[in-house]
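Visitor: Please show me the model, and let us then discuss the terms applied to it.

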2 protein chains.
Amino acid sequence: MEPRPTAVAAPMQLRIADDIRMQIERGELTPGDPLPTLHELAAQWGCSLNSARSAISLLKQQGLITGGRGKAPVVRTQPRQVVRSSNRHQVEKDLVLAGEDERGQNGVAENDLGVPLDDLKFTATHEVISADADLAEGFGIEPGADVLRRVFELADPKSGHLEAWSVSYIPYDLVSAAPEIFESTKPHPGGTQHQLYAAAGIELARIDDEVTSAMPTTVTAQQWGMDPGIPMIRVRRISIDTQGRTVEISDADFPADRTKLHFSTPLTLW
Amino acid sequence: MEPRPTAVAAPMQLRIADDIRMQIERGELTPGDPLPTLHELAAQWGCSLNSARSAISLLKQQGLITGGRGKAPVVRTQPRQVVRSSNRHQVEKDLVLAGEDERGQNGVAENDLGVPLDDLKFTATHEVISADADLAEGFGIEPGADVLRRVFELADPKSGHLEAWSVSYIPYDLVSAAPEIFESTKPHPGGTQHQLYAAAGIELARIDDEVTSAMPTTVTAQQWGMDPGIPMIRVRRISIDTQGRTVEISDADFPADRTKLHFSTPLTLW
């Protein structure tokens, strides 16, 4: 999102905000650096304190600075990046046929977060719900049919903030032969692909990821400890088995300031 | 991003905003519906006009409603969705060996936007720049080496707003044998994959997509005609040829309210 000229003269607060943004992009202001005070900005630009305040507020909404409530604004530090890669789909599949020891040593959360699972609080809940129109269409089942719904959360026990959150849906008739496999409150070694195989002999043939982004609600932003102006990336993962059935739909949220998604598309060779 | 309970009682403006958000999610308020006035909200919740105003402002920042500047706020309409799919990488590759007629009938923008290219204003610019540290690392070339930089824009001639924007980088020594292939100001039939093949016999083996999201700057939001509270999705496309070289790096921006990205990962079968 690079600067390009506008046809109309921009209001003062936009000119100030864009100037500061460009200083950040050029590296003249680096993470943690304090911004000029409102009085300094007003003097520098010959503008009102209100214009300076609006510029600072804009930069906050754009996620470029932090501070407020009496604290001087500073350039935001980019926290560690969670790279979520499409390669993990195959890694998880390869683990399905591995022993439990090997599966247990390859936690997906550890790959994503770079934090040992033991340092985080894991919570899993499960319930059986009725398919709404969206799920019924996704699975090709009747609306109202039973669906297993599981919610997974990883939280930092110190801050209480979420580190990972996802919800998984599976048609209940796929799990009904061995529901206990899905009802654990601990991470299952090898993940859902292994559970589907162990419960119903299901082998996945393809995984589709759908990516969208939106601003989080206030409550969601608080639960994650997200700064203002940071969007949430949502990934819907659709798992398709060797018979062409959609066997799981999963939604995961990722705060955009700590996430990079990586998808690899091999091409047929000539 | 579904509602979950918070441990602390939320301030009035958050409770009002979350209540309205849930009405939107449940479909009780649909796109175009007007919101209650500030006086109605204040009476309903027994709160100050300021709290009601803050709630409306929050919903605007979260991209759920539009309005302002004297216009009553309404629930935001979801415009048409641009689905960008990883399948297009293979489609483009298949077109490389096709004739110009067939290539010309398969514009990528037409697939993405559902709008004939003829109805939009296409602009392409090109220049030779020096690789910065980021590009040098990405291509595995020396910093300062020549890189072809092209910027592509599609705009709606009526509104003047951007419909598509991307920037492409290619090491100059790959294009130097036939630079004229890359210097057209019109869309090249078949896209960059065909250009690379025609100029240097390059065949792609893999494309990696990296996805991030951030709030747009004020200028960028104006250029796209984006509502407040809508994030921008950025996709970096990295093209790798059959010799393992990175031959193109391209960044494209997509307003999140009209975009869904779709990636498909086939799995090795047992």
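Visitor: How many residues does the contact take from chain A and from chain B?

Guide: The contact takes 64 residues from chain A and 64 residues from chain B, contact meaning heavy atoms within 4.5 Å. This is a predicted model, in which local features need pLDDT of at least 70 and side-chain atom pairs count only at pLDDT 80 or more, whereas totals for chains, interfaces and linings use all residues. Residues are numbered from 1 along each chain as its sequence is written, chains are lettered from A in the order in which they are written, and side-chain values use heavy atoms, without hydrogens and water.

Visitor: What makes A:Glu210 and B:Lys260 a salt bridge?

Guide: Their closest N and O atoms are 3.7 Å apart. A salt bridge requires a side-chain nitrogen of Lys or Arg within 4 Å of a carboxyl oxygen of Asp or Glu, so the pair qualifies. The count between chain A and chain B is two salt bridges.

Visitor: Why is B:Thr259 called buried?

Guide: Its relative accessibility is 1%, and buried means under 20% relative accessible area (exposed is over 50%, partly exposed in between; 1.4 Å probe, protein chains only). B:Thr259 therefore counts as buried. Among the residues that B:Thr259 touches are A:Val211 and A:Thr212 of the other chain, and B:Phe254 of its own.

Visitor: Which backbone oxygen does the side chain of B:Thr259 reach?

Guide: The side chain of B:Thr259 reaches the backbone oxygen of B:Pro255, at 2.7 Å.

How values were computed. Polar contact = N/O pair within 3.5 Å; in protein donor to acceptor, adjacent residues only side chain to side chain. Lists of a residue's contacts leave out its neighbours within four places in sequence.
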